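Please look over the chain below before reading on.

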Amino acid sequence: MCFCQLNKLQDLDLSSNLFQGILPPCLNNFSSLRLLELSGNLFSGNIPSPLLHNLISLECIDLSYNQFEGSFPFSSFANISKLQVVSLGSETNKFEVETEHPVGWVPLFQLTVLKLFNCKLAGGVPGFLQYQFKLIVVELSHNKLTGSFPNWLLENNPGLEFLLLKNNSLMGQLLPLRIHTHIVLLDVSYNQLNGQLQGNVGHMIPNIVSLILANNNFEGILPSSIAEMSFLLFLDLSANNLSGEIPKQLLAAKYLEILGLSDNKFHGIRCEKQRHISQLSRLKILDVSQNHLSGYLSSLKDIQYLKHLQLEGNMFTGLIPRDFLNYPKIFTLDMRDNRLFGSIPNSISGLSELRILSLRGNLLSGLLPNHICNLTQISLMDLSSNSFSGSIPRCFGHIRFGDMKKDDDVFGQVICSDNTWKYLTAYAGYLVKYLWLEITETEENYEVVFGTKNGRYSYVGGILNVMSGLDLSCNNLTGEIPHELGMLSSIHTLNLSRNQLNGPIPKSFSNLSQIESFDLSYNELSGEIPPELVEPNFLEVFSVAYNNLSGRVPDLKAQFGTFGESSYQDNSFLCGPLFKRKCNTSIEPSYSPPESSRESEAKWYDIDYDVFFASFAASYIMVLLGFATILYINPYWRRRWFYLIEDGIYSCYYFALDTHSKLLAYLYN
């Protein structure tokens, strides 16, 4: 490289390019070099430790985000006394940093920034950190660290602001913290920490901005002192064993943008607490899914920036409020697997940017409203396992269902921009270096469960930008399938099974060019299977089982060559190579058996209706007369019968009165 001749070079920044190959050996000649920034390239091979021996003036080195391999001894930096910033990290699993060899080595440097992410660190937290007292940033995420939480790291470094230990194997409790006013980010998610959270944790770290304790084994109640974290933006306690009620003090955190409490054991949420939630006006993500929360839903219309709302897997009941949401730019509304009843409110049509709507597994009923078709940006809609009735609205054919623009990257955006920090480092009074900490919460971490291909699967991150589907299964829908559904050319999954749909299968379904899973089973469909259905090239799962279809099955070519007899099961008049019944051009669906056959069959299933009704009436009268005779003869049973009638009347009266009172209280409160 041309810079190899610059022996007195002090600053070398080649970051974010496409340089490849091994590190140039001439780097060893730059004894005056202070900054070596080579991150974000394609350098490969080993990092030779002799390469650093002469870099005695080095203050900052960043070799992260390359393709290095092999093992690198961190003690190679031991004698570089001016070193302040070290960033070594890899996106591959072939690079390892050895921090404990030789045993007991003591560094001459005092670091301010240390980033060793995905470097195969094993055992306890690196021992040389016990000699560091000026640390501001420490990132040791995505390693194999074990042992207890290094509380001493905070005690030795009172200026520590960022501590990231995500995705390791740390165990034990979070030790009692001393007051630490500088820490703004603490991420120990995806470890094996347990025990209860310290009761005064909010007092110990009052200036924390991001507290991420997800995917551990913490238990007990959530301390109300969290409300003392007055600058809290991001709180993620999901996937633990926390229980009790959500403290109302937490719901007063005025700067909170992301609140993740999913997969715990929180219970109960009174109406007044739901009103506190609506005070979190800056909230962008609210995830309380998979808990034991119950009660009626209240309006969240005052939360003006909400993008993702996850309430699934709880015990919420009652109607969906008319003014439940009022923010048109919300992307996800997931309320599946609760006990909500009633109909879908008209106000939902105002959520014009909604991409994912899941109301599966509730007690919702009534007709599918036409105003739901105003959600033209929808890509995933799951209304299955409810009690919706009536016909499928024809306007469903005008919803996008995956017909997205190339630049329509909703689930790859940064949600909490204030959680993106850059650490400013100055060298020799004039050199400025920004170190970005990648701790943002994005839609790439967002997970949605949707049924397709005979199963329910989780979709996370960018795949949600291209995944699309409509699931109306397990309802009471009737009528014919509207041919307009054939306009959904970008949809991947269409499930209309287990309803009472009748009529033919629309030929327009041949236009579903991207369809992968197509289920019409357990309905009352009739007629032939359109031979044009063989045209889609990506179909993996197909079922029209348990209908009244007839005629020849589609040709066993392309994708249809992979479907067996189970895809057509229990359609008595289908014929073709998959069945014992061979098709004949003279065979018609309306085929009727010979007269002699009908006579023989009539002996076991025909009914003489005159005889049937006469015998039924006689039996009914005899039962009534016998019952009246018993009451007339036995006065004890007569009194018991009258008491039973009286109790029934009073029960009905008080039930109606109580229901009426509760309904009035709900409507006027």
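In the protein chain, 56% of the contacts with a separation of 6 or more are between residues 24 or more positions apart; a contact means heavy atoms within 4.5 Å. This is a predicted model, in which local features need pLDDT of at least 70 and side-chain atom pairs count only at pLDDT 80 or more, while totals for chains, interfaces and linings use all residues. Residues are numbered from 1 along each chain as its sequence is written, and side-chain values use heavy atoms, with hydrogens and water left out.

The secondary structure of the protein chain consists of 6 helices and 46 strands. Helices (H or I, at least four residues) and strands (E, at least two) are DSSP runs, numbered from the N terminus. Of the 669 residues, 49% count as buried, where buried means under 20% relative accessible area, exposed over 50%, and partly exposed in between (1.4 Å probe, protein chains only). The chain exposes about 32,400 Å², and carbon and sulfur atoms supply 54% of that area. Accessible areas come from the Shrake-Rupley method with a 1.4 Å probe; for residues, only the protein chains shown count as cover.

Now to the sheets. Two strands pair if DSSP finds at least two bridges between them. Strand β4 (residues 42-45) runs parallel to β2 and is joined to it by 2 bridges; F43 in β4 is the bridge partner of G21.

Another open sheet has 5 strands, ordered β15-β17-β19-β21-β23, again with parallel pairing. Here β15 (171-173) and β23 (265-266) are the edge strands, each pairing on one side only. β23 pairs with β21 (residues 241-244) in the parallel sense over 2 bridges, and F266 in β23 stands opposite G244.

On the surface, Y296, L319, F341, L363, L663, L664, Y666, L667 and Y668 form a nonpolar patch with about 920 Å² of accessible area together. Helix α6 (residues 635-668) gives the most to this patch, with 5 residues. L319 lies in the loop between β27 (315-318) and β28 (332-334). L319 counts as partly exposed because its relative accessibility is 36%.

How far can the model be trusted? The predictor's confidence in each residue is pLDDT, from 0 to 100. The mean pLDDT of the chain is 84, and 85% of its residues reach 70 or more. Over residues 586-605 pLDDT stays under 50, and the model has 4 contacts beyond four places in sequence for them.

Notes. Patches are made of residues with over 30% relative accessible area and no salt bridge: like charges are joined within 9 Å, nonpolar side chains (Val, Leu, Ile, Met, Phe, Trp, Tyr) within 5 Å. A salt bridge is a side-chain nitrogen of Lys or Arg within 4 Å of a carboxyl oxygen of Asp or Glu.
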